[in-house]
Amino acid sequence: MANKKTLTGSHIRYLLAIKRLHKDTGVRSIDIANELNLTKVSVHCMMDTFLNLKYIHKERGGLVYLTDHGIQKANEYEVYHKALKDRLFSDVSVDESADIAICAFISELSENSLAALV
């Protein structure tokens, strides 16, 4: 259990989407929902989770910003995602279902396996 991940595949997918959309002006929940083809309610629930994990902070008006900790985690998972995508799909573009599978797979790997991947 010591290697148990705290992030699920969904967490990773959201975190990577926030990183892609994140600007100095923040990102809106509706933009995250559109990026991931999800409802705004789903995004709102995940943002509460990310607030508790201290990956984001929210300002009035609902703008979301990655914290330093969130940026660090997003960068880490972005490296893992790219490494796995490159191994599995090479030059083929990845559709939404493949992206979901990649994130789920990453969430199940131990730290040692993730390190070996990159």
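**Figure 1. Contact of α1 with α3 in the predicted model**. In this predicted model, Ser10, His11, Tyr14, Leu15 and Ile18 of α1 are in contact (heavy atoms within 4.5 Å) with Ser42, Val43, Met46, Met47, Thr49 and Phe50 of α3. By class, this contact of α1 with α3 holds seven nonpolar, four polar and no charged residues; Ala, Val, Leu, Ile, Met, Phe, Trp, Tyr, Cys and Pro count as nonpolar, Asp, Glu, Lys and Arg as charged, and the others, Gly among them, as polar. Helices here are DSSP runs (H or I, at least four residues), numbered from the N terminus. Residues are numbered from 1 along each chain as its sequence is written, and side-chain values use heavy atoms, without hydrogens and water. Local features need pLDDT of at least 70, side-chain atom pairs count only at pLDDT 80 or more, and totals for chains, interfaces and linings use all residues.

**Figure 2. Axes of α1 and α3**. The axes, lines fitted to C-alpha atoms over the stretch in contact, with angles from 0 to 180 degrees between N-to-C directions, come within 11 Å and cross at roughly 95°. Therefore α1 is roughly perpendicular (65 to 115 degrees) to α3.

**Figure 3. Packing of α1 with α4**. These two helices pack at an angle of about 105°, with their axes 9 Å apart, which means that α1 is roughly perpendicular to α4. Ile12, Leu15, Leu16 and Lys19 in α1 meet residues of α4 including Gly70, Tyr77 and His81. The contact of α1 with α4 comprises five nonpolar, three polar and three charged residues.

**Figure 4. The largest pocket**. A pocket is an open set of points on a 1 Å grid where a 1.4 Å probe fits, with protein on both sides within 12 Å along at least five of seven lines; lining residues have an atom within 4 Å of a point. The volume, the space filled by probe spheres set on the points, is about 270 Å³. Of the 13 lining residues, Leu16, Arg20, Glu35, His81 and Asp99 are the closest to the centre. Helix α4 gives the most to this lining, with four residues.

Note on methods. Parallel < 35°, antiparallel > 145°, perpendicular 65-115°, else oblique.
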